[in-house]
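Take a look at the fold below before reading on.

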Amino acid sequence: MQKKLLAVAVAGALGAPAFALAQNATVNVYGRLYAEYSKVNQGNAGAVAPGAPLVDPDFLQNPGSELGFRGEEKLSGGMSAWFQCATTMDWRGQSSEGLCSRNSALGLKGGFGNFFMGNWDTPWKRVQTFVGGNETGVFGTAQLLYGQSTTTASGAAGGGNFMRRQRNSINYDTPVFSGFQAMFAYTTTNTETATLSAATNSKPRIWSLAAKYDNGPINVNFSYERHNDITGATAIRGDDRGWALGGSYTFSNGLKVGGLYTRQNFERGTVAAPTEGTVRAWHIGMDWMISGPHGVRASYTRAGDVDGFGFAGIGTGAPVYRPANSLGGGTGANLWQIRYVHKLSKRTEFTAGYSKLDNKANAAYQLYGLSSNRVGEDQSAFALGLDHRF
C-alpha cells in the first residue's frame with residue numbers, strides 16, 4: 001500500500017491526475033540499493049607483457065542498483081496491459097544513465113502468456129543461476145562464464161557477450177505449466193535502415209531461447225542463443241552461438257547447491273584469415289543460511305582456454321572472443337570466492353568476503369568493475385556488501 005501511495009504522489013508531482021491514476025491503474029515503485037566496498041590487490045604486472053605494478057585500489061561499486069516503476073491495467077477476457085521502467089540508481093554520484101536504461105518494456109499478458117517489447121534481459125540471461133556468486137561486482141561470475149554482462153544495442157554490438165540486456169527486443173514467455181516455462185526473444189533491425197539489401201554479413205540480429213523447470217526444491221534450465229552478423233560487414237564469418245545448462249537443488253535444511261555449464265562458439269576473421277573459437281566454462285556454488293541470520297556463500301568458476309583454428313596467441317589485430325583473449329593455450333582463468341552473510345531483515349543483508357581471480361599466462365580476465373585487463377595478471381579482493389530492496 002505504501003508503494004502505491006508513493007507512486008500516486010510521484011505521479012502528482014509530475015503533473016499526472018493522481019485520483020485517476022489511483023482509480024484506473026495499479027502502479028508500484030520498487031528498487032534495489034547495493035553497496036560493495038572492496039580493497040583490491042591487482043597482483044603481478046602480467047606474465048606476457050610485464051610492466052610496473054598497478055595501484056591496489058579501494059573500490060566502491062553499486063552493481064544491480066536501480067529504481068523502477070511498474071504498472072498494470074486489467075482488460076477484458078483476463079488480459080492485462082503492463083509497463084515497466086527501470087533506471088540505474090547510482091547513489092555514488094559517479095555516473096548517470098537515461099530513464100528506462102534497465103529492464104523496461106510495454107506488454108500484454110493473459111492466459112496466452114506474456115508478450116512484450118522493450119529493453120530487457122534476454123531469455124538466456126533470465127534463466128541463469130549464480131548460486132554462491134553474483135552476476136557482477138568483485139563477486140561477479142558473468143565475465144568468465146559469458147564474456148560480459150551489459151546492455152547492448154540491436155546492431156553489431158557486444159560481440160563475445162552472451163549475458164545481454166537487449167535493446168529493441170521482441171519477447172514472448174509461455175504460461176507456467178506445473179513449473180515449466182519457455183521464453184523466446186529476437187531483436188529488430190532498427191540500426192540497419194541504411195544497409196543495402198545485397199550487402200552480406202551486415203544485418204545483425206539476436207535470437208534467444210530458454211526453458212526452465214522451477215518447482216519446489218528443484219530448478220533446471222537450458223538456454224540457446226545465436227548472434228547473426230554480430231561483427232558487421234568486415235567479417236566473412238560473424239555468427240556467434242552458444243548454449244548453457246544449469247540447475248540447483250535446495251535441501252530441507254536450507255542448503256542450496258547449484259551449477260551450470262556453457263559452451264560458446266565465435267566466428268571471426270577476414271577473407272584472408274578466417275578463424276573460429278570455442279570457449280567452455282562452468283560454475284558450482286552453495287548458499288546456506290546455517291543458523292538464524294548467519295549464512296555463507298561460496299563458489300568456484302572456471303573459463304577454459306579458447307579452442308579453435310587459424311590463429312594462436314595474443315597479438316595486434318587478433319580477433320577477440322573474450323576480454324583481450326584470442327586463440328591458443330593459457331587463455332583460461334579460475335575464480336574462487338567465499339562470503340559471510342548476515343540477514344538484517346527480509347529485505348536487507350550484510351556480506352563480507354574474499355574473491356580470488358587466477359588468470360593463465362595468456363588470459364586477461366578481471367574482477368568485475370576493474371579496467372586493467374593486463375595479460376596474465378592475477379587479482380584478489382576483500383569486500384563488504386550491503387544490499388537493500390524495496
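Which residue in S6 is the bridge partner of serine 104? The bridge partner is asparagine 119. This is a predicted model, in which local features need pLDDT of at least 70, side-chain atom pairs count only at pLDDT 80 or more, and totals for chains, interfaces and linings use all residues. Residues are numbered from 1 along each chain as its sequence is written, and side-chain values use heavy atoms, with hydrogens and water left out.

S5 covers residues 104–110, and S6 covers residues 113–121. The two pair in the antiparallel sense over seven bridges; strands count as paired if DSSP finds at least two bridges between them. S5 and S6 form a hairpin with two residues between them. On S4 (residues 80–88), five bridges join the strand to S5, and this pairing is antiparallel too. Serine 80 has lysine 109 of S5 as its bridge partner. In a regular strand, side chains alternate between the two faces of the sheet.

Now the whole chain. There are four helices and 19 strands. Both are DSSP runs numbered from the N terminus: helices are H or I with at least four residues, strands are E with at least two. Of the 390 residues, 47% are buried. Buried means under 20% relative accessible area, exposed means over 50%, and partly exposed lies in between (1.4 Å probe, protein chains only). The chain exposes about 17800 Å², and carbon and sulfur atoms supply 61% of that area. The areas come from the Shrake-Rupley method with a 1.4 Å probe; for residues, only the protein chains shown count as cover. Among contacts (heavy atoms within 4.5 Å) with a separation of 6 or more, 59% join residues 24 or more positions apart.

Next, go to glutamine 264 in strand S13 (residues 256–269). Glutamine 264 has a relative accessible area of 0%, so it counts as buried. A polar atom of its side chain lies 2.9 Å from the backbone oxygen of leucine 145. Leaving aside residues up to four places away in sequence, glutamine 264 touches several others, including Trp124, Tyr146, Phe162, Arg241 and Arg322.

Side chains of opposite charge can pair when their charged atoms come close. A salt bridge here is a side-chain nitrogen of Lys or Arg within 4 Å of a carboxyl oxygen of Asp or Glu. The structure holds 19 of them. In one, arginine 102 meets glutamate 66 at 3.0 Å, N to O. This pair links distant parts of the chain, 36 residues apart: arginine 102 sits in the loop between S4 and S5, glutamate 66 in strand S3 (residues 66–74). Both arginine 102 and glutamate 66 are buried.

Arginine 297 and glutamate 349 form another salt bridge, with their closest N and O atoms 2.9 Å apart. Here S15 (residues 294–303) holds the arginine and S18 (residues 348–359) the glutamate, 52 residues apart. Why does arginine 297 count as buried? Because its relative accessibility is 11%. Glutamate 349 is also at 11%, so it counts as buried.

Arginine 389 and aspartate 387 form a salt bridge with closest N and O atoms 3.5 Å apart. Arginine 389 is at 43% relative accessibility, so it counts as partly exposed. Aspartate 387 is at 7%, so it is buried. Elsewhere, salt bridges that share partners join Asp121, Lys125, Glu135 and Arg165 into one network.

Technical notes. Polar contact = N/O pair within 3.5 Å; in protein donor to acceptor, adjacent residues only side chain to side chain.
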